Amino acid sequence: MTSIYDQANYLPDAWLYAGSNKTWTYPCFQEDGSTPLNISNGSLTLVLCPYGEPEIISLVKMGVIASAYSFTVSFTEADTINLSGKYLQQPIVLDSDGNTFRPGQGTVLIFPAIATL
């Protein structure tokens with residue numbers, strides 16, 4: 001038996017340590033999940049919210065186009081130093097016509113930073 005969730009564009013689970021520098025690449029697909037989405041004339045952001053609380057935005061990062069069908073997001077120490085727990089990540093593409101598209105969604109685990117001496 002299949003469900004609507006079988007067709008969703010899930011991003012692979014990801015993790016990082018709070019306060020670390022990390023760059024992730026996000027491939028973009030159309031709603032069918034297999035046809036590449038051309039983002040070459042768009043702008044891109046990544047939004048993080050606490051898992052189960054989509055109304056609370058914890059972090060918004062601008063993306064950089066890596067190819068016609070993917071973009072990268074770079075996290076700095078300051079972006080995540082005060083975050084820990086399970087988060088939902090959702091890339092957002094704004095195309096040249098002003099249309100908004102969310103090509104996927106997934107979870108991110110952020111492990112707390114341990115205090116240093």
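1. Two strands count as paired here if DSSP finds at least two bridges between them. Helices (H or I, at least four residues) and strands (E, at least two) are DSSP runs, numbered from the N terminus.

2. Before going on, note that this is a predicted model: local features need pLDDT of at least 70, side-chain atom pairs count only at pLDDT 80 or more, and totals for chains, interfaces and linings use all residues. Residues are numbered from 1 along each chain as its sequence is written, and side-chain values use heavy atoms, with hydrogens and water left out.

3. Now for the overall layout. The protein chain has 1 helix and 9 strands, and along the sequence they come in the order β-β-β-β-β-β-α-β-β-β. The radius of gyration is 15 Å, close to the 13 Å that the globule rule gives for 117 residues, so the chain is as compact as a globular protein of that length. That radius is taken over C-alpha atoms, and the rule is 2.2 Å times the number of residues to the power 0.38. Along the principal axes, the C-alpha atoms fill a box of roughly 50 × 40 × 20 Å.

4. How much of the chain is buried? Buried residues make up 38% of the 117. Buried means under 20% relative accessible area, exposed over 50%, and partly exposed in between (1.4 Å probe, protein chains only). The chain exposes about 7,400 Å², and carbon and sulfur atoms supply 55% of that. Accessible areas come from the Shrake-Rupley method with a 1.4 Å probe; for residues, only the protein chains shown count as cover.

5. Contact means heavy atoms within 4.5 Å.

6. Back to Lys61, which also takes part in a salt bridge with Asp79, where the closest N and O atoms are 2.8 Å apart. Lys61 lies in strand S4 (residues 59–62) and Asp79 in helix H1 (residues 77–80), so the pair ties together parts that are 18 residues apart in sequence. The structure holds 1 salt bridge, meaning a side-chain nitrogen of Lys or Arg within 4 Å of a carboxyl oxygen of Asp or Glu. In general, side chains of opposite charge can pair when their charged atoms come close.

7. Are the two partners, Lys61 and Asp79, buried or exposed? Lys61 is buried, at 16% relative accessible area, and Asp79 counts as buried too, at 17%. In S4, Leu59 and Lys61 make up the covered face, while Val60 and Met62 make up the uncovered one. As a rule, side chains in a regular strand alternate between the two faces of the sheet.

8. Strand S6 (residues 70–75) deserves a look: 5 of its 6 residues are buried, so the strand is largely enclosed by the rest of the structure. S6 runs antiparallel to S2, joined by 6 bridges, and Thr23 has Ser74 in S6 as its bridge partner. Strand S5 (residues 64–67) also pairs with S6 in the antiparallel sense, over 3 bridges, with Val64 opposite Thr72. A hairpin of 2 residues links S5 to S6.

9. Thr25 is a handy spot to check on S2 (residues 22–27). Thr25 is exposed, with a relative accessible area of 52%. Leaving aside residues up to four places away in sequence, Thr25 touches Ser70, Phe71 and Thr72. Thr25 and Ile65 are 40 residues apart in sequence but 9.4 Å apart in space, C-alpha to C-alpha.

10. Phe29 sits in the loop between S2 and S3 and is partly exposed, at 29% relative accessible area. Beyond residues up to four places away in sequence, the residues that Phe29 touches include Asn9, Pro36, Phe101 and Pro103. From Phe29 to Tyr69 is 40 residues in sequence and 7.6 Å in space, C-alpha to C-alpha.

11. Last, the surface. Trp15, Tyr17, Leu109 and Phe111 form a nonpolar patch with about 410 Å² of accessible area together. Strand S1 (14–17) and strand S9 (106–111) are the elements that give two or more residues to the patch. Patches are made of residues with over 30% relative accessible area and no salt bridge; like charges are joined within 9 Å, nonpolar side chains (Val, Leu, Ile, Met, Phe, Trp, Tyr) within 5 Å. Trp15, found in S1, is partly exposed, with a relative accessible area of 42%.
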